[in-house]
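Reader: I have a model open and want to know what stands behind each label. Can we go through the terms one at a time?

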Amino acid sequence: MITRLEGADKVTGRARYAADVRLPGLLHAHIVRSPYPHARIRHIDASRAERLPGVHAVLSSANSPSIPWHDASSLFDRTVRYIGDEVAAVAADSDELAADAARLIDVQYEALAFDLVGEAREPKAEARGDVARGLREADVVLEATYRTQTALHNALEPHGCTALWHGDQLTVYESTQGIFAVRDEVAEKLGLAAQNVRIITEHMGGGFGAKQIAWKHTVIAALLAQRTGRPVQLALDRASENLAAGNRNATEQRLRLGAKRDGTLSAIDARIRVEAGAYSVGGEDSDVIGTYLTLYRCANVRAEQRSLRTNAGPAVAFRAPGYAEGNFALESAIDELAARLGIDALELRLRNYATRDQREDKPYTAPESLRRCITRVAAACEWRHQRPGLGFAAHDWAAGGGWPPAEAEVEFAHGAARVIVGVQDVGTGSRTALAQLAAAELGIGVERVQVELGDTQPGLYGPTSAGSATLATLGPVVQEAARLAKKSGHARAQRGENPKGKSIRTCGAQAVELAVDRDTGEVTVKRVIAAHDCGRIVNPLLQSSQVIGGITQALGYALSEKRIVDARLGDVLNANLEEYKLPTVADIPEIVNASESMPDAEANATGVKGCGEPPIIPTAAAIANAIYSATGVRIRELPITREKLIR
Amino acid sequence: MTPLRVNGEHVELDVEPRRTLLDALRADLGLTGAKKACDMGNCGACTVLLDGEAVYSCLVLAVDCVARAVTTIEGLGEGGKLHRLQEAFIAADAFQCGFCTPGQLMALAALFERVARPSDAQIMRALSGNLCRCGAYQHILRAAHMARDR
């Protein structure tokens, strides 16, 4: 069993995260945020803060460049659009002093009307066939509306960085999923050449999508460091993390599914509203319609989603963005449809799952992997239809196949190798898996491979850790560079194209066994059984970590997590880790990972696909379906709380 | 000045009365293993041992630690060797991002210091104040059981 290469660093406290960097003269920064959901700033007086001993710089719209930011706003905009929007920033000798100074900045606001509901904007819509006809020709039509909540990433490491300048060279130790994305964005915002910005991410404490873009704090820290001539550390506090660092968008999904007596799907109609928050920050990637277009074979489909702009914190990608939300609705609805048709819920899925990508009109590289996942889960849970408390869901995920561009360099001498890549290990184990692929190619032990990553300096481009793509993107490149270096001692390789005529996806299935206390509504999840197609499994131990991690997060999404916004004030009422209910060690069931290695030779030369996001996708629907099976009560809204069950 | 022992060494801290033990460890002593994740006693990432007992160091003032013994993750192993809990965490892959790991380990270390062979329920209780957003709990429990049963 090969364990994580950085294991010893992580269990000894040696692993260095962005806010662990210690430098001489280090200043600490704090951001002042809007207390209003919508307001115009009339006046900012920072003089009291600036006079406080130990305060080195204050930045606001009064004294800093107007740098264009998302939509038509700017870095410190004179209009604030949600509670938590950035207004000013302070750098001081200590964290406590920076917070003191932030409180001394006098900001006069003119409160404006705000909107927490939002108006629907132009839809993103896709269609095929004739949905009206498909519904007319159906023997059974299921019509239902499902809702999902706004969920918060709450990675334990807050967003943050340490920024320092050497002349016109900026170095930032950043907690990010995308060192190159941050480099390019920061360079653009500051008017620097990209090669004058270096981003380093040695280790990072969780992102789950919320750290896949460059946020304002990085540019703010860089500006403060420039102004003071000292290194500046800026880590968000937990409240800011919950207000202003992204979220999984809430959805309302109105569905109509039509089916023939024999279970053939004749129509899928999905009309979806998505709460996007105050800005389009980029990186939302919430493709809620995706799974409606691809998971099941159906000639007549119409799926549309409309974004709602509101005066609340902006949405950003969150592990399988759009698919976790869409799957809850679709897989709940399929279960309801199965009951109406009198067909076994698992059988209905086996009759309808798609073997081609109907969106791209191409066959999948692994068309039968979903069937294999479904049957493995069915066997492991001894599936029996209508066994009380047993629920099932399948899923697909448009990503996981990786893509170009990406580069890798391998040096090989004296039976030892050095692998250099421009990605970051966000905790998924990229470092270890890439070392294993190189070691296998070179015919040496993994302990003889050193992987250097998380630094833009070597200039080897690596993609953002998103779309469960890192290993499938970099794996083939590292393997190829290792193959070449075995002969020459030193080689670089580039990521090749994916196969043209085929579509690469990932998919899987899960079953949930649970019990519901009929008096209190308490749901006790006893067991979750999962099988996911992630191609060839390079490291079974680390793959199982992804599976248990995704399912554990999904338990929170299904049962306890919800951002609560006060409808009259626009404030987030649970912007902390006590009242935003993450799963604890006491909440987890037994998680059985029934995944098998299914090398996908057509996808790439390593046969690898991703496994980061898929495990979070089907759990919520499987739980809702299990609750229905246990109680006969269908809950169509997440999270499934005791209150909803008792009502 | 605040005299205390940190990982067996005598140190003198010159800090404001409001400075937490966590900030003192991280900013004044450069011991960054304990993490600042919530700064209000909700997550456990800052857990250290104070006179052998697991505490949230963000809820302890540094000046209240006069003459007391603090053990951080940096002081967990002995003589350059990993503690059996640390070895078990690596073997069971009881972490992903690793940010909560020092806190999880110190919470367990306090228990293992007190009870040589803790029960499953005692292990669960010791870990119940430590969040892991990556969701590694199942592997964390496995690691704790491995360390106990070794």
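Author: Start with a pair of strands. Strand β14 (residues 265-277) of chain A and β15(A) run parallel, joined by nine bridges. The model is predicted: local features need pLDDT of at least 70, side-chain atom pairs count only at pLDDT 80 or more, and totals for chains, interfaces and linings use all residues. Residues are numbered from 1 along each chain as its sequence is written, while chains are lettered from A and ligands numbered from 1 in the order in which they are written.

Reader: What makes β14(A) and β15(A) a pair?

Author: Two strands pair if DSSP finds at least two bridges between them. Here nine bridges join β14(A) to β15(A), so the pair qualifies. Strands are DSSP E runs of at least two residues, helices are H or I runs of at least four, and both are numbered from the N terminus. Within this pair, Arg273(A) stands opposite Arg306(A) in β15(A).

Reader: How do you know that β7(A) pairs with β15(A)?

Author: By the bridge count again. β7(A) and strand β15 (residues 301-309) of chain A share five bridges, in the antiparallel sense. Ala127(A) faces Arg302(A) in β15(A) as its opposite residue.

Reader: Which order do the strands of this sheet take?

Author: The order is β7-β15-β14-β13-β8 (chain A), an open sheet of five strands with mixed pairing.

Reader: Why are β7 and β8 of chain A called edges?

Author: Each has a single partner strand, so one side of β7 (124-128) and one side of β8 (140-148) of chain A are left without a neighbour in the sheet. Neighbouring strands of this sheet are turned by 10° against each other on average, direction ignored. For such angles, axes are lines fitted to C-alpha atoms, for helices over the stretch in contact; angles run from 0 to 180 degrees between N-to-C directions. The partner of β8(A) is strand β13 (residues 251-259) of chain A, antiparallel over nine bridges. Tyr146(A) stands opposite Gln253(A) in β13(A).

Reader: What lies across β8 and β13 of chain A?

Author: Helix α9 (residues 323-341) of chain A, at about 150° to β8(A).

Reader: What makes Ile623(A) a core residue?

Author: A nonpolar core is a set of buried Ala, Val, Leu, Ile, Met, Phe, Trp, Tyr and Cys residues joined through C-beta atoms within 7 Å. Buried means 20 or more other C-beta atoms within 10 Å of the residue's own; 12 or fewer is exposed, in between is partly exposed, and C-beta atoms are placed from the backbone. Ile623(A) belongs to the largest nonpolar core, of 271 residues. Val419(A), Val478(A) and Ile623(A) touch the most other members. Leaving out residues up to four places away in sequence, Ile623(A) touches several residues, including Val512(A), Leu514(A) and Ile640(A).

Reader: How is chain A divided into domains?

Author: The bounds come from an automatic or database domain assignment. For chain A it gives domain 1 (7-36 + 38-113 + 154-244), domain 2 (124-151 + 247-401 + 502-646) and domain 3 (407-494). The C-alpha centres of domain 2 and domain 3 of chain A lie 33 Å apart.

Reader: How many residues of domain 2 of chain A are in contact with domain 3 of chain A?

Author: Contact means C-beta atoms, placed from the backbone, within 7 Å. On that test, 21 residues of domain 2 of chain A are in contact with 15 residues of domain 3 of chain A. The domain 2 side has ten nonpolar, nine polar and two charged residues. Ala, Val, Leu, Ile, Met, Phe, Trp, Tyr, Cys and Pro count as nonpolar, Asp, Glu, Lys and Arg as charged, and the others, Gly among them, as polar.

Reader: Which helix gives the most to the side of chain A that touches chain B?

Author: The contact takes 45 residues from chain A and 47 residues from chain B. α1 (7-12), α3 (95-104) and α14 (540-559) of chain A each supply at least two residues of the chain A side. α14(A) gives the most, with seven residues.

Reader: What makes β1 and β5 of chain B a pair?

Author: Strand β1 (residues 2-6) and strand β5 (residues 69-71) of chain B are parallel over two bridges. The cut-off is at least two, so they count as paired. Val6(B) stands opposite Val70(B) in β5(B).

Methods: Two residues are in contact if their C-beta atoms, placed from the backbone, lie within 7 Å.
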